[in-house]
Amino acid sequence: MNDFFSAFADDLPQLRSGLWVTLEATVLGALLALFLSFVLGLMSISRLLLSRGVSRVVVEFFRGTSLYVQLFWLYYAMPPLTGYELTPLLCGVIAFGLNYGAYGAEVVRGAINSVPRAQYEAAVALNMTPLHRMRKVILPQAWVQMIPSLTNLLIQLLKCTPLLWLISAADLMTAIEKLRTRTGETLTAYVTLLACYFVLAYALTLLMNLLERSAKRRLGLASGGGSLLKSRSAVTAPAAGGAR
Amino acid sequence: MNEGFDWNAAGDALPLLLQGFKVTLLATVLGTLVAAVLGLAIAVAGRAPTRFVTVPVKVVMEFIRSTPLLVQLVGAAALFTSVEPLTVGIVVLGIHYATYTSEVYRAGIDGVPKGQWEACRALSMSSRRTWQAVILPQAVRNVLPALGNYAISMFKETPFLAVITVQEMVFEARKYGGDHFAYTEVFTLAGLIFLVASYPTSLLMRKLEKRLGH
């Protein structure tokens, strides 16, 4: 075990760059996913049949084909088919973004639909334009509803980043795998890796709790101080996200 | 270089992929069973009257739920080399998803009206009989759609098993793709097979959810 931690100290630069790759994939993937969630989610509540249809097809497609297959398709299957080759990190970002964007679209749709109907009617009665209505009345309320489910999706996205190891991006798992093969300390290596992920997940949860608090405060809703440190509840995601 | 889609290779690989698909299905079904049973056990343990039980259960669950399945799989496979990879895979998948299903059960159990517990106490039923005859039959019916959703999501994560050399569909796809230089064909097919298998299931779950009024 001592061997492992001295090797750990030696490999610190690689581990740091691995952690950086993992974080980069998580954050960029999450941003792409968030963007797609809103685009696809808003399209799915549009009055136009075409826009609803396109959103439905895209969402079902990216939810229905496994993330694993999507990632491998981008990495192995796209280059011979199209002639374009993406870096492993970019493959990861795109695959995570598309996959979780599809799940997020359902969250956005559900949250917007859960804003009471009377709010729409009041905004119409006040003669607000559709854009104004969405921006000032509907979205701020829906956003509070979305955050817990989006947090769950974000943690799931983080938990998928070890897949990068399989397409030879130099992520955190790659760095620790190297350490493991060198020192032969299987148990210590994997427990360390799991602990790293746990800390990352908890840190992201705390950040999202802060976000939820500020969103609630903007609506004038009180949230207790304890809510800042609470961990996630697994049950909110499928409830708000609909069928996975 | 643009080689296009080789239909011959696709036709060639399809039987192999379907062969692997059987293993994918087997792992999903058995993994779901493990998750459904273990999740229920965790949910019941989480309501134990003493904190010496509930706190450790909660901590372990939170840890398993917040860490990547892939690392858990690879780690377990490296530690239990003498056990067959498929068995390791099913157990790890089952445990991972049990941490999610236990929350579902918890919500289901909380959803049983309080009067039911009180009635059981009034009839001086044993706690075992209270769970068996009154609480669980009501709770389980409410949670079935949510359990189904986790089964679908587990189905889409079974490709992770390929990493620990379980010969399921994606394992076969990677092998065929590497041997014949036909990654495009096999991964496109694998994706389509997933789509064809999971879309009707999620439609069905949606219908079931609507019928149960969720």
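This is a predicted model: local features need pLDDT of at least 70, side-chain atom pairs count only at pLDDT 80 or more; totals for chains, interfaces and linings use all residues.
View 1. Over all chains, the count comes to 19 aromatic pairs. One of them joins Phe72(A) and Phe187(B), whose rings are tilted, with 5.5 Å from centre to centre and 50 degrees between the planes. This pair crosses between chains: Phe72(A) belongs to helix α4 (residues 67-82) of chain A, and Phe187(B) to helix α8 (residues 183-211) of chain B. Both Phe72(A) and Phe187(B) are buried.

**View 2. The stacked pair of Tyr76(A) and Phe187(B).** The centres of these two rings are 6.1 Å apart, and the angle between the planes is 15 degrees. The pair is counted as stacked because its 15 degrees fall under the limit of 30 degrees. Here too the pair crosses between chains, with Tyr76(A) in helix α4 of chain A and Phe187(B) in helix α8 of chain B. Tyr76(A) has a relative accessible area of 22% and is therefore partly exposed, whereas Phe187(B), at 0%, is buried.

**View 3. An aromatic cluster with residues from chains A and B.** Chain A contributes Tyr68(A), Phe72(A), Tyr75(A) and Tyr76(A) to this one cluster. From chain B come Phe160(B), Tyr183(B) and Phe187(B). Among the members are the partners of the tilted pair, Phe72(A) and Phe187(B), and those of the stacked pair, Tyr76(A) and Phe187(B).

**View 4. A charge over a ring in chain A.** The charged end of Arg117(A) sits over the ring of Tyr120(A). The distance from this charged end to the ring centre of Tyr120(A) is 5.1 Å.

Technical notes:
Residues are numbered from 1 along each chain as its sequence is written. Chains are lettered from A and ligands numbered from 1 in the order in which they are written. Side-chain values use heavy atoms; hydrogens and water are left out. Rings of Phe, Tyr and Trp (its six-membered ring) pair if their centres lie within 6.5 Å; planes under 30 degrees apart count as stacked, over 60 as edge-to-face and the rest as tilted. Helices (H or I, at least four residues) and strands (E, at least two) are DSSP runs, numbered from the N terminus. Buried means under 20% relative accessible area, exposed over 50%, partly exposed in between (1.4 Å probe, protein chains only). A charge sits over a ring if NZ of Lys or CZ of Arg is within 6 Å of the ring centre and within 35 degrees of the ring normal.
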